[in-house]
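Me: I have a model open and want a quick tour. Can you take me through it?

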Amino acid sequence: MERQFESVSQKGIGVYIHVPFCASKCSYCDFYSRVRQDQKAGYLDALEQEMFGWKNRGLKADTVFFGGGTPSLLTPSELERIVHAVKTNFALLPDAEVTMEANPETVDQAYLEAVAALGINRLSFGVQSAIDRELKALGRRHTYERAVQAVSDAKAASFSNISVDLMLGIPYQTADSLRVTLSQILALAPQHVSCYLLKIEEGTPFYRKNAGQLCVSEDETADFYLTVARTLRQAGYHHYEISNFALPGFESHHNLKYWRDQPYLGFGPAAHSCIDGRRFYNPPDLQQYIETDGRCSLREESGAVQDAAERLMLGLRLDEGVDLSEIGKKDPSFDEQAQRQFLKKAAVYERAGLLEVDGSRVFLTEEGMLVSNMLLARLLPD
Ligand code: SF4
């Protein structure tokens with residue numbers, strides 16, 4: 001087992017911690033989280049046990065990401081237990097990026113100072129919109145004023161790497177309200193902005209209520225996306241991934257690992273891992289996670305990590321694109337003939353301005369990023 005991980009032991013891996021608790025469920029959300037909080041102690045015990053299973057493997061970590069759910073529902077002492085477990089079982093590199101997702105209504109300056117003292121050095125706030133009517137429709141618990149306060153508290157607590165999430169195509173959003181949101185967000189001067197298109201997932205309250213009728217059309221949402229991309233670019237943000245923008249040097253090192261197919265380990269129910277050519281995940285079941293001390297059977301995901309289709313799908317999300325010949329070196333089925341076929345199909349979309357080809361490197365343009373699912377479906381090898 002130890003030999004299996006030698007190839008990643010000299011570099012830092014990413015460590016993801018899934019915190020499966022929320023104060024209430026937002027109307028659009030299909031992430032795994034529970035509103036009951038009485039299982040926090042059992043969760044923390046199981047999390048420590050799960051991480052302990054990776055002790056003595058010589059793994060270094062250069063990013064840690066607390067996602068969820070709502071990690072900011074954990075108290076500083078609960079977070080401290082997790083940080084301690086990370087440091088005990090992995091060598092946390094001194095300049096590691098340590099991110100915590102936070103909901104604005106759950107934090108104040110004192111809490112964020114305590115969080116910073118634990119070594120958490122990047123915050124990602126779920127702001128979503130600057131318009132309270134839109135926030136209410138999403139089922140969010142905060143007002144925009146509360147989000148402004150949270151960002152201000154974070155700055156006062158010495159955070160200098162702050163990301164905010166925005167959503168597009170949400171109920172009641174218009175071109176005018178989006179302009180207001182963008183100017184308000186720019187006034188907050190975050191180092192990073194993530195911008196997601198609302199997808200109405202089956203099983204959510206939005207799906208049951210047919211909330212799509214309150215949203216603009218897909219074409220208008222596409223225009224919103226291009227407006228966001230143009231506005232943020234003009235403000236100096238680098239559009240480095242389909243949904244992500246950063247001031248230079250503030251790209252999310254942790255999330256880049258996902259798209260670059262670099263190794264990461266996920267802990268907690270519903271967390272995914274990718275290491276040494278294997279992908280696996282924990283079942284989304286907190287009760288089972290606790291009962292098995294974090295050792296519930298890890299389910300293997302299909303598809304080897306080096307699979308060309310997988311590499312293309314992830315790599316084309318990035319503005320740096322993909323190098324076809326590098327992918328061919330890792331997946332022999334994507335040989336020169338397969339690469340030529342890919343480029344032949346890509347030429348059609350290059351003429352349409354959706355992608356660019358530079359030797360063996362292929363990138364999506366901003367317009368291409370917008371229709372990336374369609375493009376990937378047509379370009380990926382069978
Ligand atoms: S706070 Fe985040 S994880 Fe929790 S319900 Fe809302 S969207 Fe989902």
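Reply: One term to start: buried means under 20% relative accessible area, exposed over 50%, and partly exposed in between (1.4 Å probe, protein chains only). Tyrosine 240 and tryptophan 259 are both buried. This is a predicted model, where local features need pLDDT of at least 70, side-chain atom pairs count only at pLDDT 80 or more, and totals for chains, interfaces and linings use all residues. Residues are numbered from 1 along each chain as its sequence is written, and side-chain values use heavy atoms, with hydrogens and water left out.

Me: How many aromatic pairs are in the whole structure?

Reply: The search finds 8. Rings of Phe, Tyr and Trp (its six-membered ring) pair if their centres lie within 6.5 Å; planes under 30 degrees apart are stacked, over 60 edge-to-face, the rest tilted. Phenylalanine 90 and phenylalanine 267 have centres 5.9 Å apart and planes at 55°, so that pair is tilted.

Me: Where do phenylalanine 90 and phenylalanine 267 lie?

Reply: Phenylalanine 90 is in the loop between helix 3 (76-89) and strand 3 (91-102), and phenylalanine 267 is in strand 9 (residues 264-267), so the pair ties together parts 177 residues apart in sequence. Helices (H or I, at least four residues) and strands (E, at least two) are DSSP runs, numbered from the N terminus. Both phenylalanines are buried.

Me: And what do tyrosine 240 and tryptophan 259 form?

Reply: An edge-to-face pair, 6.4 Å centre to centre with 70° between the planes. Tyrosine 240 is in strand 7 (residues 238-241) and tryptophan 259 in helix 10 (residues 253-259), so this pair links parts 19 residues apart in sequence.

Me: New topic. How many residues of strand 1 are buried?

Reply: 8 of its 8, residues 12-19. Gly12, Gly14, Tyr16 and His18 point one way, while Ile13, Val15, Ile17 and Val19 point the other.

Me: In which sense does strand 1 pair with strand 2?

Reply: Parallel, over 8 bridges, with strand 2 at residues 60-68. Two strands pair if DSSP finds at least two bridges between them. Valine 19 stands opposite glycine 68. Strand 1 also pairs with strand 9 in the parallel sense, over 4 bridges. There, tyrosine 16 stands opposite glycine 266.

Me: Last one. Which residues surround the ligand?

Reply: Cys22, Ser24, Lys25, Cys26, Tyr28, Cys29, Gly69, Thr70, Asn103 and Arg140. A residue is near a molecule if one of its heavy atoms lies within 4 Å of it.
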